[in-house]
Every structure is written in structure tokens, then in C-alpha cells.
Amino acid sequence: MTTFEMRKEYFADERPEDLKEIGRPTIRQDILGHVTGRSRFYDDHLFDGLLHMRCVRSPHHHARVRAIDASAAEAMPGVRRIVRSGDVPKNLNTLLSLLGFGRDDEPLITPETVGYRGEPVLAVIAETEAAARAAVRAVRVDWDVLPHVLDVEAALAPDAPIVNSEYPNNSFDYHDRYDHQKLRFGDVDRAFQGAERIVEGRYRMSPIEQAPMETCGAIAVPESNDRFTCHTSTQALFFSLATTAKLLDLPSAKLHFIGGTVGGGFGGKVDSVVEPMSVLGAQLTGRPVKFMWDREEEMQVGAPRGAEMWDIRDGLDRDGRIIARRFTGYFDAGAYTRLSSYAVVKAVGHLPGPYTIPNVAANVYCVFTNRTPATAMRGFGITGVDFAIECQMDRAAEAAGLDPVAFRILNAYRDGDMKAHRRLAKNTALIECCQVAAEKAGWPLDGTALSQSSLSGGGGARASVPETATDGEGRIGERRRRALPAEPLAGSGPRGRLPEGTIRGSDVAAAPPQRMDMGPGSGPDLESFVVPPLPAAPSPATGPVPHQPPIAPSTAASSPAAPATPTAPATPATPAAGDSMLAARLRRSRFLAGTRRR
Amino acid sequence: MTKTAVTFRLNGAETAIFVDGGQNLLDVLRRGVGDLSPKYGCGQGGCGGCSVLVDGTLRLACITLAESVDGASVETAAGLADGPRLHPLQKAFMEGFAAQCGYCTPGMLMAARALLDANPDPAREEVVEAISGNLCRCTGYEPIIDAILAAAADLRGGAAR
């Protein structure tokens with residue numbers, strides 16, 4: 001008997017088989033606690049003798065600790081314990097080591113060299129939060145400030161500062177020996193030679209802070225049975241438990257994690273930093289210890305969605321079909337791997353987007369820079385490259401002189417087509433989505449576009465796996481970046497003549513930079529970042545732009561041209577918003593000027 | 001550190017507690033008195049998660065000195081319901097899916113309560129203005145605005161439905 005049949009048999013009375021809940025209002029099972037203020041978030045547990053733990057953090061992007069003098073802090077009233085890097089039993093980890101992916105590269109409390117601003121080098125445990133803050137201020141650190149790098153291309157240059165000693169090339173090692181994740185499908189170079197038009201663009205996306213209302217934190221409590229209970233804000237309870245067990249060299253049976261009621265996460269609460277810190281504190285003091293980020297820490301050291309940069313080159317035939325597409329992608333991991341290595345794998349599996357293109361190539365890098373380490377956020381690995389792809393689609397449609405929706409329908413994948421990662425497409429619906437969106441937007445489509453269907457026209461020749469081009473050694477391409485062809489990257493500076501019909505995209509930014517290099521005194525708080533507040537009517541000066549792409553989703557993020565909508569505030573700027581900006585000819589400087597509320 | 005005795009009514013109940021100089025009302029409510037309904041979101045008066053009423057006026061507990069509520073009446077989301085009977089705002093938030101993670105909800109409810117106490121028949125724009133100091137990151141504001149308008153209508157209708 002299969003699992004499915006068992007479910008039907010044993011739970012037949014509990015769930016109707018014709019489960020139809022979408023579109024119907026339903027009452028959340030936890031909402032009574034929410035509206036009465038009784039839902040217990042991690043910090044809604046009270047303990048006698050609770051101690052407070054806070055970190056001494058690096059004010060520099062990249063620096064070496066020469067010496068730390070905590071003697072004054074140690075002697076302050078209310079201070080119970082100074083926690084040093086040597087107090088962490090196994091002070092090196094990488095999050096995905098639980099899956100055997102990547103090498104341990106990040107300490108919990110850094111012993112010597114910090115790779116990002118805000119990296120912890122010491123912790124203080126005190127009777128009150130105020131005492132802990134005062135003690136942190138009293139710690140003297142002698143810093144040897146090192147050159148830093150905040151840009152992915154600069155980080156990959158041969159003379160770049162080494163960000164992460166485990167990865168001295170500033171790039172994650174895939175399959176132990178490659179500095180990028182690769183995709184090859186067909187032969188893009190040959191296809192480009194036969195293309196009618198070449199369209200290129202470079203697309204950038206800045207880091208985005210998840211900005212949950214509840215900051216990250218945990219309270220660890222020593223129990224009488226020689227175990228530790230940990231109340232935590234985590235989105236990943238068992239992941240955090242196992243990470244804590246590893247860093248503290250404890251059997252997982254000694255840990256009892258309680259969570260699940262999370263005050264907003266959006267991916268920013270999976271990194272398992274606060275839990276090992278609080279359990280370590282409880283171990284060292286024998287008392288309940290709270291380790292809670294304040295808002296400034298949440299915004300500065302809380303791992304954001306990382307920055308990305310994509311170069312896309314398309315080859316189009318006479319009819320406007322994309323016959324070749326090449327990607328070079330860069331994920332900015334910040335100083336440590338966290339989950340960015342996985343995001344790259346996920347992104348490459350997503351290429352070339354929901355389109356059937358017979359020749360696809362991609363080299364995608366997970367790059368270390370001296371920025372805050374990046375992590376998960378809503379669809380991470382996919383959202384950035386989708387922004388790039390859809391901007392590129394608009395640009396390519398324009399180059400081909402085609403309607404942007406009709407152009408998407410022309411190139412859309414259909415049931416039975418072979419995707420670039422060699423799986424047959426099924427349950428495809430891009431064509432129908434385009435048709436419905438166009439209808440709802442009042443966007444006229446011609447008869448050809450309206451008559452298409454995802455259910456027909458696919459498969460056949462479109463189901464075949466093209467022969468993959470190999471070099472003289474039988475390889476499908478270079479192993480490392482320095483072996484790449486000499487051709488400069490799109491938009492990266494002077495370059496050779498481009499083929500006739502080439503359209504070059506200018507830089508398109510999806511979202512304003514939200515961290516790093518803030519001026520002195522501009523502490524990261526909710527006021528100085530764009531956290532979408534209530535919707536406001538667009539002012540006349542920044543009102544509707546003349547060219548609004550027809551399939552603009554309704555969730556465009558806050559920007560001068562696209563007022564914030566409240567329905568999905570954690571979703572990054574959409575391609576439509578980015579291209580609207582371009583179309584409105586808003587200068588980049590003005591775009592950036594709009595990113596701060598004051 | 002010098003302790004100061006502060007007495008106030010919390011959701012109608014007489015309450016007395018010693019507070020430290022400079023201690024804020026949010027900390028005193030949560031750790032001192034044990035009313036965990038107001039939430040810490042920023043500690044800077046920027047998010048509205050700690051919204052409470054002090055003598056009927058909407059205040060941010062994280063930037064209100066605890067000593068300043070001596071002799072006052074403080075109301076929090078924990079006191080909205082009358083025993084098992086929910087306030088119309090609570091019912092409307094439940095039925096209208098106006099809470100997702102629930103972290104901003106207690107503050108949002110108190111901002112809405114302050115509005116409806118002063119203005120039983122607010123226009124939509126007035127609801128928007130009333131909760132403009134309260135950030136929400138997952139529910140989205142539209143269901144919250146709808147729920148507040150529904151509660152206002154319910155309250156004007158008098159007896160519970």
C-alpha cells in the first residue's frame with residue numbers, strides 16, 4: 001500500500017478529497033493568540049536570573065585583531081562573563097556542512113581576521129542589557145585595518161584582497177575544483193555566428209534586508225536534566241539545533257529547541273547564529289541567557305539577500321526567436337558562504353528561464369567580498385536572475401521590433417520541450433499567463449499570440465537534447481575564470497566591435513543599495529532604510545511613467561516610479577519597475593537618491 | 001541604581017512596581033509586570049510594535065519613560081478582550097486575515113483602538129493615517145485597513161452580532 005493510499009484510508013474523514021481552498025477565506029489556526037497578544041514568540045518567555053549577551057563587533061570591513069583588552073569590561077558591575085573565541089569548542093562551521101556541501105569557513109566568534117563590518121570578536125554576558133552594552137563599549141580592540149573589496153568583479157581580480165582564507169581565490173569551489181557552476185546545452189558560439197541580432201545587457205541587484213518585525217534572537221536555559229532548552233526565532237529549528245550541536249561539540253540529545261512562532265522571517269532567520277551563542281552563554285554561566293539582536297544589528301549584520309550581477313547575451317533569428325543565450329552570473333556571498341553556494345546551483349538549474357532556447361551556456365560564480373554574508377530570502381537564487389531575464393526579454397523584444405508580450409509567447413516553453421538542464425517541460429503555462437495578464441491589463445495582442453497554447457506545438461524537435469559543444473580535449477569549457485576567453489564582459493568597459501544589430505543594455509538596478517558604506521553617524525535603523533510603509537498616492541512629480549510594461553506584477557517595490565504596494569513588502573523590485581525607471585529616463589543618481597527616506 | 005516606585009492601572013488593574021531611572025515602559029510592561037503583548041521591534045519609536053494607550057492616548061512604550069506613567073491608566077492589547085468576549089477589532093482581524101506572523105498585531109490593534117475611540121466612523125484615509133506609524137512586514141496593510149473599517153461598522157451597529 002502506498003503512502004497516498006494510506007492517507008486516503010486512515011484520514012478519509014479528516015480531509016475532503018475535493019480539497020478546494022484557494023480563493024476562499026479561511027481562519028488561521030494561530031490567529032486567536034495573535035489578536036489577543038498571547039502568541040508566544042521566543043522573547044515571550046520570562047526567566048528568573050536571565051542574563052543578557054552582547055557582542056563586540058568590527059567597525060571595519062576587513063581587519064586583523066592585534067589585541068583585545070577586556071579587563072575594564074570584566075571589572076564592571078553586573079558583568080558575569082567575557083566570552084572569547086577560544087570558548088567556542090569547535091569554532092568553525094559552514095551552514096551546509098550538514099548536507100556535506102562546502103568547507104567550514106566561518107567562526108562563531110572570530111579569533112583573528114574579520115571579513116565584514118559587524119563581525120563579532122568577543123561577547124559579554126551581564127545582568128542587564130544596559131550593563132552588557134556598557135561593557136561592550138569598554139572593550140578595547142587594537143585593529144590592523146586591511147584593504148577590503150566590496151565588488152564581485154574587483155574581488156575576482158588577481159590582486160584582490162583575500163576575503164576568506166578557506167577560499168583564497170575569493171570564489172566558492174564547485175565540485176572541489178571549479179570556481180563556477182556551469183551549464184552547457186547545445187553550442188552557443190556557433191549559434192551566435194548565425195544570429196540575425198545580438199542583444200546584450202548587464203543587470204545588477206543590490207542586497208535586500210528581510211527586515212522582520214521581530215529581530216533574530218534566542219534564550220537558552222540550563223535544565224535540571226543536564227540539557228539546554230533554547231527558545232528561538234529560527235525558521236529552521238532542527239537545522240539550528242544541529243548547527244549548535246556541531247559548534248559547541250554537544251550531542252544533539254542535550255538540546256531541546258522550542259520555536260515555530262516567528263515574528264517574520266522571509267529567509268533571514270535560517271543562519272543559526274543566535275542559538276549557539278545563547279546556548280554557549282548558558283553553558284558558561286549556568287543561567288538563562290538571552291542573545292538578541294537589536295534593530296541596528298538586524299539591519300547591519302543580519303544576512304540579507306545577496307547582491308547579484310548578470311551579463312546576458314542573446315542571439316535572435318530573423319523571426320525573433322532566441323536561438324542562443326549566454327549567462328555570466330555573479331552572486332555576492334559576502335564574507336562567508338552561508339547559503340550562497342546553494343543559491344548559485346539553484347539559479348543555474350533555473351536557466352534560461354521559462355523559454356525554449358536550443359543553445360544555452362552559463363558560468364555562474366559565488367564570490368566572496370567584504371560585505372555582510374548573504375543568505376536566503378524568498379525564492380533566493382531565482383529572484384535576481386529572473387529580474388535580469390525579464391529585463392533582457394523586454395530589451396530583446398524591442399531590438400526585434402516585436403511586442404514584448406508576443407515576444408514572450410513566441411519564445412515560451414511548451415509541454416514536451418526539453419529544458420536546458422535536460423528535463424522535459426510539463427504543466428507549462430507561461431503562454432496562458434501572458435494571455436490572461438494582457439487581457440486584464442487591456443494590452444492588445446495579435447491573433448497569432450492569442451491563438452497559441454502551452455499544450456500544443458511543443459515536443460518533437462524541441463524535445464531533443466542538442467549535441468553539447470566540446471573543446472579539443474573533450475571538455476565542455478574552462479574550469480576556472482582565468483581560462484575564459486579574452487572578450488570583456490558586457491558593459492565592463494571598452495570592447496571590440498559588436499555584430500550588426502547589437503543592442504547594448506545599460507546598467508539596470510533592481511533595488512537600491514541598502515547597506516555598506518553608509519556615511520558616518522547614519523546608523524542602520526528602520527527610518528534610514530526603505531521598509532515599505534503604508535501605500536501612498538503617487539505624487540505628480542513621480543507619477544505614472546509613459547512606458548509601463550504590460551505584465552507588470554502588482555508587487556513592485558518602493559521606488560520613485562512605482563509606489564510601494566502593501567501586498568508583498570518583502571519582494572524585491574520587479575523587472576517592470578526597473579524597466580519603467582529606464583523608460584522614464586530617470587537618471588541613476590536620482591534613482592539612488594530616492595533610496596533613503598531622509 | 002536608584003529605584004522609583006510607580007503605580008498605574010494596567011488594563012483596569014492596580015499595578016505597582018519599582019523601576020530603574022531611565023527604564024522604558026516597554027521593558028517594565030514586559031519584564032517587570034509580565035504583560036508580553038507589546039512587542040520590541042526597533043527600540044527607536046520607528047515600528048509601532050510597542051503601541052499602548054496611556055490615559056487614552058496612543059504612545060510608543062519603547063520611548064516612554066516608565067516613571068512618566070505614574071498615576072496613569074495604561075491599556076495594552078492583552079486587555080482588549082472582555083474575558084472570553086473578543087473586542088470587535090479582534091474579531092475583525094481574525095475574520096479578515098489581518099494578521100499573519102502576528103508580531104505587529106498587538107500594536108496595530110492599539111493604534112486602531114485609539115482611532116475608533118476618537119472617531120467611530122473613520123474614512124479609509126483616516127484609518128491609513130491612524131496606523132501610519134505601525135509597520136507590518138507580512139500581512140500587508142490592505143486586510144488590516146479593511147478589518148479596522150469592519151470593526152468600526154460593527155461597533156456602530158451596537159450589540160454584538
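Two residues are taken to be in contact if their C-beta atoms, placed from the backbone, lie within 7 Å. In the predicted model, 37 residues of chain B are in contact with 34 residues of chain A. On the chain B side, the elements that give two or more residues are helix H2 (88-95), helix H3 (105-118) and helix H5 (141-156). By class, this side of chain B has 20 nonpolar, 13 polar and four charged residues.

Within H2 of chain B, the buried residues are B:Pro88, B:Leu89, B:Gln90, B:Ala92 and B:Phe93. Their cover includes helix H2 (31-36) of chain A, together with H3 and H5 of chain B. Just after H2 of chain B, B:Phe97 adopts a positive phi of about 55 degrees.

The loop between H2 and H3 of chain B contains B:Gly96. This glycine counts as buried because 21 other C-beta atoms lie within 10 Å, the cut-off being 20 or more. Neighbours within four places in sequence aside, B:Gly96 is in contact with B:Pro143, B:Asp146, B:Ala147 and B:Ala150. B:Gly96 and B:Ala114, 18 residues apart in sequence, are separated by 20 Å in space, C-alpha to C-alpha.

The largest nonpolar core comprises 187 residues, and those with the most contacts inside it are A:Val367, B:Ala112 and B:Ile148. Helix H11 (residues 383-400) of chain A supplies the largest share of this core, 10 residues. With neighbours within four places in sequence left aside, the contacts of A:Val367 are A:Val152, A:Ala155, A:Leu156, A:Asn170, A:Ser171, A:Tyr330, A:Phe331, A:Asp332 and A:Ala333.

Key: Residues numbered from 1 in each chain as written. Chains lettered and ligands numbered in written order. Predicted model: local features only at pLDDT ≥ 70, side-chain atom pairs only at ≥ 80, totals over all residues. Helix = DSSP H or I, 4+ residues; strand = E, 2+ residues; numbered from the N terminus. Nonpolar A, V, L, I, M, F, W, Y, C, P; charged D, E, K, R; others polar. Buried ≥ 20, exposed ≤ 12 C-beta atoms within 10 Å, placed from the backbone. Core = buried A, V, L, I, M, F, W, Y, C linked by C-beta atoms within 7 Å.
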